[in-house]
Each structure stands twice: as C-alpha cells, then as structure tokens.
Amino acid sequence: MLINTGVYKPEDRLPSIRNLASELNINVNTIKRAFAELDKDGVTYSAPGRGIFVSSNPIGNEKVKKSALEDIKTVVISGKARGVTEDDLNELIKTIYGAGDKND
C-alpha cells in the first residue's frame, strides 16, 4: 500500500526486515514472506548486502494492477447493491482522477 500510494517511490530502499518486524511487532518470518511475495510480483528487488528496493515501475506491475482491479470490482458490486448508480460511480472516478491530474 505504501508503494502504491507513493510513500515509497521507485528505487527507494525499504526498511530492513528486522527493523520492520520490531517496529510493527510482527514475526520476522512473516515480514520475510511478505517481502518475498513483493519480490516475486516484481514490486521490489533485493540487492545483496544493500537491502530491498522498490522496483522502477511497481505501480505498473500487471499483478499489482490485476489485484487492485479485483479489489475495486468487489467494492463496486457492494456499492451497486446499496444503490450506487453508474452515474454516481463515474462522477466519483472523474473526481479522483481529476484531482490526481492537478497534483501530478
């Protein structure tokens, strides 16, 4: 999430596994598995002796994009069941992407 939202940018070094595990109070093995998944998906890469870095184009990664679209689909289906119309959704999309263009 922090990569997708731009907190960590391409080529940024991520916190070490041990530091992150300590900071979040999560088992080191859990962090290792999460980092391995990010590496497998091409979101990050390891530089032996230097650390783990964000890939050049992590947001454009097709697996990340596909996962995001599945999340959006679930939310849209829920919204539709609650009375959100296609026009409501289109207006929201225009607002979100329009605001993004002004800040980029």
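Reply: Glu37 and Lys40 are three residues apart in helix H2 (residues 28-40), and therefore about one helical turn separates them. Helices here are DSSP runs of H or I with at least four residues, strands are runs of E with at least two, and both are numbered from the N terminus. The model is a predicted one, in which local features need pLDDT of at least 70 and side-chain atom pairs count only at pLDDT 80 or more, while totals for chains, interfaces and linings use all residues. Residues are numbered from 1 along each chain as its sequence is written, and side-chain values use heavy atoms, with hydrogens and water left out.

The side chains of Glu37 and Lys40 form a salt bridge, with an N to O distance of 3.4 Å; the term denotes a side-chain nitrogen of Lys or Arg within 4 Å of a carboxyl oxygen of Asp or Glu. The structure holds one salt bridge. Side chains of opposite charge can pair when their charged atoms come close. Glu37 counts as partly exposed because its relative accessibility is 39%, whereas Lys40, at 55%, counts as exposed. In these classes, buried means under 20% relative accessible area, exposed over 50%, and partly exposed in between (1.4 Å probe, protein chains only).

Thr44 belongs to strand S1 (residues 44-47) and, at 3% relative accessibility, counts as buried.

Leu92 is partly exposed at 45% relative accessibility, and Thr95 is partly exposed at 47%. A polar atom of the Thr95 side chain lies 2.9 Å from the backbone oxygen of Glu91. Between the C-alpha atoms of Thr95 and Arg13, which are 82 residues apart along the chain, the separation is 32 Å.

Asp88 is likewise placed in helix H4, and its relative accessibility of 42% makes Asp88 partly exposed.

How values were computed. Polar contact = N/O pair within 3.5 Å; in protein donor to acceptor, adjacent residues only side chain to side chain.
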